[in-house]
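Let's take a walk through this one together. Have the sequence and the fold side by side, and we'll go stop by stop.

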Amino acid sequence: DDLRLVFQFGSDPKNTNGSKVEFILSDKDVAGEWGAKIHNASGNSLTVTVFTPPDCYVGKWKFYVHTVSKKDKKTSIFRYCHSDKFYMLFNPWCREDSVHMDNDVDRQAYILKEEGKIYSGNYRWRTPKSWQFGQFQGTVLDCCMMLLDMSDLKVQARGNAIPIVRRLTAVINSSDENGVLTGNWSGDYSGG
């Protein structure tokens, strides 16, 4: 039997732009390429390790398994579609990823820390306030993905942190993109 893994991203996945990827299981982990190998096999259960390139497109991916079975000169193809999409994100732990952070202390502070402080006031008088970042809570990731999808960023640009950050900044800004937040640098903050 041949086991083929298929990953699809976006509304019109294509092999030509990297939004559709298909490959068979292999014991090789080729740097910078998609791949997979069997991690564990027991009875009818198979655990597979999947390798992704460091510039893989950020977003929600669909996952399929196609099994080609050949028996008595008859070929059967079984297709399985996983019911949930999975999230592909940048990886600051991966040395080849453009967002890699060498320092573990920095990764703890900038990625994993769930609370901190924000400051309000003016340059003469500032007040710190506790702030729950909430990056791992409920629908935060889905909201971020929705904003990224709203940005109309081309599929090929979603493997590069710079255009993603620029487009998210524009989408979040309400003054010219109908975004989420309204900036106010007027000095009058009576409305909040």
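Burial first: a residue counts as buried under 20% relative accessible area, exposed over 50%, and partly exposed in between, using a 1.4 Å probe and protein chains only. This is a predicted model, so local features need pLDDT of at least 70 and side-chain atom pairs count only at pLDDT 80 or more, while totals for chains, interfaces and linings use all residues. Numbering runs from 1 along each chain as its sequence is written, and side-chain values use heavy atoms, with hydrogens and water left out.

Now find H66, in strand β5 (residues 59–71); strands are DSSP runs of E, at least two residues, numbered from the N terminus. H66 is buried, at a relative accessible area of 16%. Leaving aside residues up to four places away in sequence, H66 touches D2, L3, R4, V6, F78 and R79, where contact means heavy atoms within 4.5 Å.

Next, slide over to β3 (residues 35–42) and β4 (residues 45–51), which pair in the antiparallel sense over 7 bridges; pairing takes at least two DSSP bridges between two strands. G35 sits opposite F51 in β4. The two strands make a hairpin with 2 residues between them, and G43 in that turn has a positive phi of about 60°.

What about disulfides, meaning pairs of cysteine sulfur atoms within 2.5 Å? Searching the whole structure turns up 0 of them. C81 is in none, with its nearest cysteine sulfur, that of C56, 17 Å away. C81 is also partly exposed, at 43% relative accessible area. As for C94, its sulfur is 11 Å from the closest cysteine sulfur, in C56, so the two are too far apart for a bond.

Definitions and conventions: Disulfide = S-S within 2.5 Å. Helix = DSSP H or I, 4+ residues; strand = E, 2+ residues; numbered from the N terminus.
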